Amino acid sequence: MGFLVKRLGNRADAEDVLQEFCIRVLTRKDQLRDAERMDAWLYTILRSTLNDHYRKGTRRSRLAAAAAREPEEWIADAPSQMARLCTCHGGLISELCPADAELIRRIDFGEEDRESVAADLRLNRNALGVRLHRARTALREALTTHCGKCCQEDRDDCYCPPEGCENDKHETDCEEEGQLS
């Protein structure tokens, strides 16, 4: 610890490096070929761990410097410029066939374990995977038909109108269905 504190200048960083060093030693213990040269082997791992720590510090410094160079108006406007995740899928799930809607609700939204869902539906894991893939494809097609270009390009940056995207073909209004936040 003293060796690291002397090199790094503070105890917190030294503790972090020591912990990472210990983890690396334990994960690489099978690589030690000659027990008589253990000191050299440990020093090599410590040197590698220190180098990685210095690289991370350099990256953090460059990132902080880049952020400091950004104009103040960019920083003030950042929340409005952040991507808005498309939430239209919630209203479109009801348009899918009931089996597909159930799979998406349980696995994607409910984060249920695939094994338990497969057992409930009396399917093997591969059959469940195929059905889930088809359900997601159907939802993707419904989204691109409903929202149009914004979901074809990137679902993570939706530019449907904030007041609710209305689509006559699907007769859905995301705001009425509580899909917009």
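This is a predicted model: local features need pLDDT of at least 70, side-chain atom pairs count only at pLDDT 80 or more; totals for chains, interfaces and linings use all residues.
A residue counts as buried when its relative accessible area is under 20%, as exposed over 50%, and as partly exposed in between (1.4 Å probe, protein chains only). Residues are numbered from 1 along each chain as its sequence is written, and side-chain values use heavy atoms, with hydrogens and water left out.

**The chain as a whole**

- The protein chain has nine helices and two strands; these are DSSP runs numbered from the N terminus (helices H or I, at least four residues; strands E, at least two).
- Starting at the N terminus, the elements follow the order α-α-α-α-α-α-α-α-α-β-β.
- The accessible surface is about 12,800 Å², with 49% of it belonging to carbon and sulfur atoms (Shrake-Rupley method, 1.4 Å probe).
- Among contacts (heavy atoms within 4.5 Å) between residues at least 6 apart in sequence, 52% join residues at least 24 apart.

**Helices α2 and α3**

- Helix α2 (residues 11–27) packs against helix α3 (residues 38–69) at an angle of about 130°, and their axes lie 9 Å apart; axes are lines fitted to C-alpha atoms, for helices over the stretch in contact, and angles run from 0 to 180 degrees between N-to-C directions.
- That angle makes α2 oblique to α3 (under 35 degrees is roughly parallel, over 145 roughly antiparallel, 65 to 115 roughly perpendicular, and the rest oblique).
- On the α2 side the contact includes Val17, Phe21 and Val25, and on the α3 side it includes Trp41, Leu42 and Ile45.
- By class, this contact of α2 with α3 has eight nonpolar, three polar and four charged residues (Ala, Val, Leu, Ile, Met, Phe, Trp, Tyr, Cys and Pro are nonpolar; Asp, Glu, Lys and Arg are charged; the others, Gly among them, are polar).

**Leucine 32, between the two**

- Leucine 32 sits in the loop between α2 and α3, and is partly exposed, with a relative accessible area of 25%.
- Apart from neighbours within four places in sequence, leucine 32 is in contact with Met38 and Trp41.
- Leucine 42 is ten residues from leucine 32 in sequence and 9.2 Å away in space, C-alpha to C-alpha.

**Helices α6 and α8**

- The axes of helix α6 (residues 98–109) and helix α8 (residues 125–147) come within 9 Å and cross at roughly 100°, so the two are roughly perpendicular to each other.
- Among the residues in this contact are Leu103, Ile104 and Ile107 of α6, along with Leu128, Leu132 and Leu139 of α8.
- The contact of α6 with α8 divides into nine nonpolar, no polar and four charged residues.
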